[in-house]
Every structure is written in structure tokens, then in C-alpha cells.
Amino acid sequence: MNKLTKKVVVVGGGIAGWLTAGRLAAKHKSNTEQGLTVVLVESPNIPAIGVGEGTWPTMRSTLSALGISETDFIRECDASFKQGAKFAKWVDGSEDDFYYHPLVLPQGFSQGDLAAHWLAKQGQAGTKSFSEDVCFQESVCENGLAPKTIRTPEFAAVANYAYHLDSVKFSVFLQKHCTEKLGVTHIIDNVTGVNSAPNGDISSVSTENNADITGDLFVDCTGFSSLLLGQHYQVPFKSCSDVLFIDTALAVQVPYDDADSPIASHTVSTGQEAGWIWDIGLQHRRGVGYVYSSKYSSEEQAREVLAKYVGDKFSSLTVRKIPIVSGHREKMWQNNCVAVGLSAGFLEPLEASALVMVELSAQMISEQLPQSRDIMDIAAKRFNETFLYRWEKIIDFLKLHYILSKRTDNAFWTDNRNPESIPESLKEAMALWQYRAPADHDFTSNNEVFPAASYQYVLYGMGFKSDYSQNTYALDNIDFAQHQFAQNKKLTDKAVSTLPKNRELINKIIEFGFNRI
Ligand SMILES: Cc1cc2nc3c(=O)[nH]c(=O)nc-3n(C[C@H](O)[C@H](O)[C@H](O)COP(=O)(O)OP(=O)(O)OC[C@H]3O[C@@H](n4cnc5c(N)ncnc54)[C@H](O)[C@@H]3O)c2cc1C
């Protein structure tokens, strides 16, 4: 039977649910007669996870594809600009130990290998960190500056940027937009059962107070419970806790000292004895959390570490404890059910890779939505291949941060460098990068999540040295390199002297809004 895909049921109303419903509804014109029917059902009493504040630059195109105004989003989601991550105390744990993973590519990245030249000038007077010498964004962040001005149009950038956002407000904002503008039908009810068709597909889900909800495609956005893919289809969970050791988060919301306190332009990730602390500046508060491994720290010790980081205010804050299981389902799409968000998997939020996976999933499902059931298995196979590849690559990239550390203060750090905990794929890549910088050809898929530039920022930020001594001709194009270093200096000076402070721009957006073109 060639059943057409006319109705999609999204189960779950966290960010994954609303972003997926929104993408589908926007692309397939759910607000018109002929459009796809998109129904989102969410529980009235199972709250969304309520954390997840760091995003990627992809969020700009996602919001734009949903027809959302950047001004409205910033006003309603307590959002601020994020221009990358500052990793403090990851290399040796000393006070001045930090490096940046900015969002702007190294200067001249597509034209030549500046990393070789930067490595060659080590020890020379005036040489700065890799990220500072090849990218103007580190200085922008260190000065607390915004990535654009009030005259820059919505979603356009002077310096590439993402957002920090309040995830609870973001869900509410998306819900309003999806139901009022995009034609998504919203049902508030608990899903209590899953009903099967003879071919094993889901024919409908049962609810507590409404009739069964039928559909042609079901999207599982039920968070860690993975109600459809995990519980109904029993698709196994592939843990990676042997590679990434973090298993617990303690999260707090820290008020600013006053309404004009500066807002950091980047996520700060500070290495601690058994994990690391994230620090994210929103408009009205900071989101701070310690993610650690319970094998290497008791909860009591972890609370002390977090208290020391937060300071005096800590005693008045509510601490939320969230267990984390690192890994992902062995496949994400089974029969007519696809999982998006925490129901598909989760890895520690070191590089904010969860929401970008939601965005990429929602985009692929909406763009490749199978017209009918007879081609759905092909779409499922391709989706699974694409996302399994992405999960594995993210695991490698996160692990990279740990294997380059030289910290010895806790077995958490030394065990992270145990070769048995390092995936073979990462070992292979590291073997190649002994002699040259990561380059585009190391990443041969269209489905890469982190580009070669990101690997360069982490490797050279953490003191890794590729040995170019047998390959000195890599340094032949000295004019190119000098030009790019000089150009970066010029761009840095210009950005630092022209961009407004982060808080100043946000205040202006709240008052006047961006230029809209
Ligand atoms: C400590 C921590 C820090 C994080 N930091 C980041 C970060 O910085 N950046 C980032 O990208 N991501 C981060 N994440 C991940 C991010 O929070 C999630 O990926 C994101 O919020 C999406 O969650 P979700 O929608 O998949 O699940 P949830 O938010 O858990 O939503 C699940 C939904 O399913 C519904 N539901 C469940 N059962 C039923 C049922 N029986 N019937 C009906 N509805 C049901 C619930 O009501 C809820 O609406 C972090 C996660 C953690 C744990």
C-alpha cells in the first residue's frame, strides 16, 4: 500500500519537539489547506529538560527558516550573542591557562595553511596564541563586544555568531510561533500507549484525555525517556561512557550584580578536578553548571567546587542535579518513527552539540520528508547513516579536548588520556596531524559537524605541535602568511574599535529592534 505522508505527529514539546514541528510546518505549508498536518502532543506534567543554553551559528538560519524575527527572539528568550567558547584551565589548570574556539574561521583559511606558519614562528617576539594570531574574534570576546551593530540587518554578522538563550522561554516562544503562525496543532496530554499497524509501523498513540492520535510519521521528541524509539521499538542505546566520563550535572542560575553588568560574548568552560563548569551569560542572569564524573568526585565535593566557582551568591541558589548518560541510539529512524533530541542521544554539552543535532535532524526530515510510505525506508536508511556518522564525529571531537590536556591533579584527567578510552578514528587522525594541520580533506563527508578549523583551534590552542620539519616547503608561501597575519591584526583593531559592547547592543535591540530588510 502506498500511503501518502499527510500527517506528522510530534510527541514532546521541548525544544526538539517545537523546532522539528516548526521546520516541518514551515516547509510544508501547514497553515494552508493543502499543507502537511503537523500535530504536537506534549505532557501537561512532564516538564521539558529546561537546560541547554548554548547554540551554534546554525540557529540563525533555523530561526530565519521558521520566519522568526531576530529582534522578537532576542527580546523574548533572554537571548545574548555567543561568539565561541573560552576554555580555561584545560591544559595545565594554571590561572593563566586558556584558549579560544571562536566561530570565525582562521584568516585566509580557504587559501592556505596558516597553522604551519604560526607553528614556525613559536618563540619569536610578538607571537600570540593561535586563535589570537589567526582570528580577530578572540579579541572581540575578551573585550566583551557584540558580533555586529544595530545597523547590521537581522541574522547578518560582522563576526560569525550564535546565541545563548533561556531554554524554557525559547520553548514557549517557539510554541507560540508554531501554533499562531505556522499552523501546528497543539495537544496537551500524556501519551499512554503506542498502537501498531500490521507492518510494525505506529498507527497511532493513545492519550489520557483525548482520542488516539493517528499519523503517517511519528517524531519521538520525548527527551531521555525515548518513549517511541527506545521504549516501544526497543532500539538499543549505545553508551560512550567508556570514552566520555561525565555522568552528572549540577546546574544553577546566577543573578547579575546589577542590571548593567557586562554580558560575556562567549561560553566559558573551566576545567575542574573531575569535569568542567559551563558559564553562559544571558540578559538577566548567568546559567552555570558543573558537569562531572561521579566515579572521580562525590556529589558533596562537586557542590563545593561549584560553590567556590560561583562565590557568595551560591548559598541562596537552587541547585538542580541532572544525571547524564552519554551515548546515542543505534539508529534514529525505525519504521515510521524518527527520534530527535535527547530521545536520540546526548553527549556532554562541551561544544553545545545537542541543539545543532536537533536543527540538522529537523532540517533533514523536513527537506527529505518521504512523500509516501513505500520510500520511507530509504529515507530512514539515509537518515540513520548520516546521523550515526555525526554522533561518532562529535564523540571524537569532544574527546580531543581531553586527550590534549596535561592536567594530573585528578585521575579523571589522566584516565581520559588512557589509550583504551580513545576511539580508533581519533587515534588515526592524531597520527596524521603529528605532521600537518587538520585540513578539509581529513573530513570527506558532506555531513561534517565540526570543520577542520575547529580541530585546529583546539589542537593548537592546547599546545599540540605538528612537526613540519620534513615538510619545510609548507612554509614557502611566506608572503601569503605574512599578509594574512597582518590582515588579522587590521581586522582585530577595526573590530575592537567599532563594535559595541554586548550589553549595549542588546539594550538597543530591546529598545529599537534591528534593521529589518
Ligand atoms: C546539563 C545539560 C546541559 C545542556 N547544555 C546544552 C547546551 O549548552 N547546548 C545544547 O545544544 N544543548 C544542551 N543540552 C541539551 C538540550 O537541553 C536538549 O538537547 C534540548 O533541550 C532538547 O531537549 P528535548 O526537547 O529533546 O527533550 P526535553 O526538553 O526533555 O522534552 C521532552 C518533552 O517530551 C514530553 N514528554 C515526555 N513523555 C511524554 C509523554 N508520555 N506524553 C507526552 N509528552 C511527553 C515532555 O512533556 C517534554 O515536553 C544540555 C543538556 C543537559 C542535560
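Predicted model: local features only at pLDDT ≥ 70, side-chain atom pairs only at ≥ 80, totals over all residues.
User: What about Ser 43 and Ile 46? How far are their backbone atoms from the ligand?
Analyst: For Ser 43, a polar backbone atom is 3.0 Å from a nitrogen atom of the ligand. For Ile 46, a backbone N or O atom is 2.5 Å from a ligand oxygen atom.

User: And how much of the ligand does the protein cover?
Analyst: On its own, the ligand has 1,000 Å² of accessible area, and the protein covers 95% of this.

User: Which elements give two or more residues to the shell?
Analyst: Those elements are α1, residues 15–27, and α10, residues 353–367.

User: Which residues come nearest to the ligand?
Analyst: There are 31 residues around the ligand, and the nearest of them are Ile 46, Ile 49, Val 51, Gly 54 and Leu 355.

User: Let us move on to domains. What does the assignment give?
Analyst: The domain assignment gives domain 1, made of 7–53 + 166–237 + 326–391, and domain 2, made of 248–323.

User: Where is the ligand relative to them, and why?
Analyst: The ligand lies between domain 1 and domain 2, because both of them give residues to the shell around it.

User: How far apart are the two domains, and how many residues are in contact?
Analyst: Their C-alpha centres lie 30 Å apart. Nine residues of domain 1 are in contact with 12 residues of domain 2.

User: Now the sheets. How is the one with β8 arranged?
Analyst: It is an open sheet of three strands in the order β8-β9-β10, with antiparallel pairing. Strands β8 (191–196) and β10 (213–214) stand at the edges, each with a single partner strand, so one side of each has no neighbour in the sheet.

User: How many bridges join β9 to β10, and which residue is opposite Val 205?
Analyst: Strand β9, residues 202–207, is joined to β10 by two bridges, and the two run antiparallel. Val 205 stands opposite Ile 213 in β10.

User: What is the strand order in the sheet with β12?
Analyst: The order is β12-β18-β21, again for three strands in an open sheet with antiparallel pairing. The edges are β12 (237–239) and β21 (345–346); each has a single partner strand, so one side of each is left without a neighbour in the sheet.

User: And how do β18 and β21 pair?
Analyst: Strand β18, residues 327–329, pairs with β21 in the antiparallel sense over two bridges. Within this pair, Gly 327 stands opposite Phe 346 in β21.

User: One last topic: what is phi for Lys 29, and where is this residue found?
Analyst: Phi of Lys 29 is near 50 degrees, a positive value in a residue other than glycine. Lys 29 is found in the loop between α1 and β2 (37–42).

User: What about Gln 234?
Analyst: Gln 234 is not a glycine either, and its phi is positive, at about 55 degrees. Its place is the loop between α8 (227–232) and β12.

Key:
Residues numbered from 1 in each chain as written. Heavy atoms only, no water. Near = heavy atom within 4 Å. Polar contact = N/O pair within 3.5 Å; in protein donor to acceptor, adjacent residues only side chain to side chain. Areas by Shrake-Rupley, 256 points an atom, 1.4 Å probe, with all protein chains shown as cover. Helix = DSSP H or I, 4+ residues; strand = E, 2+ residues; numbered from the N terminus. Domains from an automatic or database assignment. Pairing = 2+ DSSP bridges. Contact = heavy atoms within 4.5 Å.
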